[in-house]
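Please consult the sequence and the structure below while reading.

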Amino acid sequence: MTSTSLQDSTGTAIPAPPVAKKIPTERIHHGETFVDNYEWLRDKESPEVVEHLRAENAYQEAVTAHQEPLREAIFQEIKGRTQETDLSVPHRKDGWWYFSRSAEGKEYGIHCRVKAQDTGDKVADWTPPAVEPGMEIPGEEILLDGNVEAEGKPFFSVGGTAVTVDGTLYAYAVDNSGDERFTLRIKDLRTGELLPDVIENIFYGVAFSPDGTRLFYTVVDESWRPYQVKSHVLGTPVAQDAVVYQEDDPAMWLGFELSADRRHLVLGIGCSEYSETRLLRFDDPAGTVSTVISRDERILYEAEPFLLDGVEKILLTHNRGAINSMVSLADPAELERPLADQTWQTVVEHSNDVRVNGAGVTSTHLIVSIRKDTIERVQVLGLAGLGTPAQQEPVEPAFDEELYTAGVGGSDYEAPVIRLGYTSYFTPSRIYDFVLPTPERPAGELLLRKESPVLGGYDGSDYVATREWATAADGTRIPLSVLRHKAVKQDSTAAGLVYGYGSYEMSMDPGFGIARLSLLDRGVVFVIAHIRGGGELGRHWYEDGKKLTKKNTFTDFVDATDWLAGSGWVDPSRIAALGGSAGGLLMGAVANMAPEKYAAIVAQVPFVDPLTSILDPDLPLSALEWEEWGNPITDPQAYAYMKSYSPYENVREVAYPKIAAVTSFNDTRVLYVEPAKWVQELRNRTIGSEPIVMKIEMDGGHGGASGRYVQWRERAWDYAFIADALGATELVPGAGLK
């Protein structure tokens, strides 16, 4: 599979890239024939395919061997800034405090708990115990030690845990291959023994019924779509597990949770455009599942049943006549009438400037997650008078940074506090408890429980984050987050990196990342482009970057690159691009559209052959993708539009920059075959001399390998590839580990 050798810039001989044989496969749709020479690489059982992938790895290792010292330096910087012996802030559930520990030298977390006290002072009773890294506390129990569970296994990941209300049984789901199919086991915490009940091949999500006699879990179909919620009665054969609900529409995703007050099992069924909620009352002996609003109404909504002053109500977060969503209150009796005749009470009205992301309840307050001016924030208001003129004004915890992310990290129905997660680009993750407002304390109170420690002399004031705006060809202003070390001068000489995603209404929110500091410390100006297709500026921002407007995502990214090139910060010849998954599709698209603007492109688990994947309804998750990209099987216009930007089908004879496609053999979301085919086609067509490599993790899933040290090395590989291509390998003055 290799031929003559080449020489790299240092004169060292490197092997020629592996050349896959061509076996033409015809794909015919809507009268158009596409000949695919590399579809045979899809057969992962084939020894020839595995040999080819190993040859790709060998080539990649040879081409990037000179980057090993830089990779090692970045890995040591990540390790040197991370407090390896650390723990989470305990969260209270029923009579226990649950938390996890990590220990130096160990890859995986250790899940623990300790008994809680009830003194009658609610805020004191919800104040987490002081847990010290490396120090056991009296009465501490280990629920699950990931390091013990992972021993001798190629991969380890936990897909869900649950504890009974009385605290005696602990269920946990484990994946040992990276394919996101989990095995569920149940431990009796009184004896430490495992129950004989073992459930194979389940998906994420596990919950006990409030009485602890049943366990709910999700199952996927052949195309990897969660389609069944099942109920297992403890002590009975798994083969007898009842199907609580089965969703047969291949374009709908199914999940479940318990309502906040644990009176209902809430089934969520939906796609990105409309949804349906079904409820099962735990006190209903008949086990009837009722529908809140039928999917036929084409409303995107979430429903939370709860008691308001002892009366049954349903809280609706919905987009009925409200593109950015709003919150309403409904009586169950209203929901039995035709939708047009129903009367709902408005709780949070619609706004063109505020996106409502979700709402939930405690026994005393409504909690609303919103997004305003790209920033995710939290508001709370008392339940008294909800949906009436006597409704209280919302209270929002106040933070002092311009660019930050604040989200609900957990709430318990009876708790006097809600847990908040807070982070910004240069503020490490913080955990707060927000004491819910009372007449005595109307503004509530923000209590800092923990700021994640960053070692190595980290000082956030060494770095600068600003909000800038690029302008698209159609006049749209695209928000950018521009991050740099304060030592970088605006003299057009620095290196730059543009990162983007831009799909599924996902927002690239401000967040702290230790690994990213290694690039900033080498003088790279890091731009996060909040392009259309994401959710940063409300629902329309998403809708302007999906289906037949998808190309806005790609052109916005190129416009962001042009902003950086003209900003005075960087040398335009020293810009790289980075993106993963749907952001890897973005990388493939911009590589074809504007290869001359980038010195290097790193595409992580890249969705670069989208048409082949979505045209096959049997492939994992394909049908669910129709809401995002359109359905090219039935719609010739959707087919032609996707065909016009599919990275693999639009590779052309131009000089491509250095490209690295990074993937995993067992990824079930974006199959390895996509980057494997793409890399072959790029090498066939490029008229440039820059290397195009594929790095494949033979034991990982969609998130790469599973242990934290392995993940740090993967990130170090990506960043070293970028820094090397940009000539940004040396630390700027005053930067680096102290």
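Glu141 is partly exposed because its relative accessibility is 24%; buried means under 20% relative accessible area, exposed over 50%, and partly exposed in between, with a 1.4 Å probe and protein chains only. Arg113, at 2% relative accessibility, counts as buried. The model is predicted, so local features need pLDDT of at least 70 and side-chain atom pairs count only at pLDDT 80 or more, while totals for chains, interfaces and linings use all residues. Residues are numbered from 1 along each chain as its sequence is written, and side-chain values use heavy atoms, with hydrogens and water left out.

Glu141 and Arg113 form a salt bridge, that is, a side-chain nitrogen of Lys or Arg within 4 Å of a carboxyl oxygen of Asp or Glu. Glu141 belongs to strand β9 (residues 141–145) and Arg113 to strand β8 (residues 110–115), so their pairing ties together parts 28 residues apart in sequence. Strands are DSSP runs (E, at least two residues) and helices likewise (H or I, at least four), numbered from the N terminus.

The whole structure contains 46 salt bridges, including the following.

| Pair | Closest N and O atoms |
|---|---|
| Glu141 and Arg113 | 3.1 Å |
| Asp261 and Arg263 | 2.8 Å |

Lys547 is partly exposed at 28% relative accessibility, and Glu273 is partly exposed at 25%. Salt bridges with shared partners also join Asp36, Glu39, Arg42, Asp609 and Lys677 into one network.
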